[in-house]
Amino acid sequence: MIFFERQTAYDCFSPEDHWNATERGYPMVNFTLRKLLGMIPMLLIITFLIYAGIELMPGDVIDFLIPMDQLAEMTDAEIAAFRAKGLDGPMIVRYFNWLLGVCQGDLGYSLQNNVPVAQLMMQKLPATIELSLAALIISSVLGIVLGMISALQKGKIADNVLTVAGMVGLAIP
């Protein structure tokens with residue numbers, strides 16, 4: 001069984017494949033496009049299930065959004081005005097309104113911090129990038145060093161231990 005075909009540099013850049021990147025000359029592009037397009041229905045299903053799960057929780061939506069001490073101080077008119085912001089419709093209508101807002105860049109408003117969610121994300125972005133880059137550098141250096149040790153000790157106990165440790169490391173989110 002052949003898992004992949006060996007291609008020469010000329011095969012990858014032949015004139016018939018040059019203009020269509022999804023042809024057999026560029027299998028990685030085709031694979032990447034299929035994976036990216038497959039993420040769309042997956043994200044829709046996950047977000048819908050989370051939205052439906054929140055809807056199935058006992059109690060009212062207002063109970064989850066507003067702390068109990070603030071809710072006790074609110075008048076019926078204030079609660080009705082809060083519901084009129086889109087919380088009074090059916091769950092499916094609220095979900096699609098939320099989805100439309102997300103597609104337009106409106107990620108919502110944090111009631112806990114009293115700021116837009118996009119603003120919160122932008123505040124946390126530098127620290128997130130810093131941590132991601134540090135993790136990338138550390139994991140790359142460790143991976144190269146441990147990979148070289150494993151290659152030099154092929155078939156020995158060190159190779160087996162490092163292989164298992166690598167698989168465990170990949171399995172941990």
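**Exercises on a predicted chain**

Buried residues (under 20% relative accessible area, with a 1.4 Å probe and protein chains only) make up 12% of the 173 residues in the chain. The model is predicted, so local features need pLDDT of at least 70, side-chain atom pairs count only at pLDDT 80 or more, and totals for chains, interfaces and linings use all residues. Numbering starts from 1 along each chain as its sequence is written, and side-chain values use heavy atoms, without hydrogens or water.

**Exercise 1. The fold**

State how many helices and strands the chain has, and give their order.

*Solution.* Start with the count. The chain has nine helices and two strands. Helices (H or I, at least four residues) and strands (E, at least two) are DSSP runs, numbered from the N terminus. Next, the order. From the N terminus it reads α-α-α-α-α-α-α-β-β-α-α.

**Exercise 2. The largest pocket**

Describe the largest pocket: its volume, its lining and the helices that supply the lining.

*Solution.* First, the volume. The largest pocket holds about 1200 Å³ of space. Of its 24 lining residues, Tyr-51, Leu-87, Trp-98, Gly-108 and Tyr-109 are the closest to its centre. A pocket here is an open set of points on a 1 Å grid over the protein atoms alone, where a 1.4 Å probe fits, with protein on both sides within 12 Å along at least five of seven lines; lining residues have an atom within 4 Å of a point. The volume is the space filled by probe spheres set on the points, which are joined across faces, edges and corners.

Second, the helices. H3 (27-56), H4 (61-65), H7 (91-103) and H8 (117-152) each supply at least two lining residues.

The lining divides into 15 nonpolar, five polar and four charged residues. Asp, Glu, Lys and Arg count as charged; Ala, Val, Leu, Ile, Met, Phe, Trp, Tyr, Cys and Pro as nonpolar; the others, Gly among them, as polar.

**Exercise 3. Ser-150**

Is Ser-150 buried or exposed, and which residues does Ser-150 touch?

*Solution.* Locate the residue. Ser-150 lies in helix H8. Check its accessibility. Ser-150 is buried, because its relative accessible area is 13%. List its contacts (heavy atoms within 4.5 Å). Beyond residues up to four places away in sequence, Ser-150 touches Asp-159, Leu-162 and Thr-163. Look at the side chains. Those of Ser-150 and Asp-159 make a polar contact at 2.4 Å. Such a contact is a pair of N or O atoms within 3.5 Å; within protein, one must be able to donate a hydrogen and the other to accept it, and residues adjacent in sequence count only if both atoms are side-chain atoms.

How values were computed: Buried < 20%, exposed > 50% of the residue type's maximum accessible area, 1.4 Å probe, protein only.
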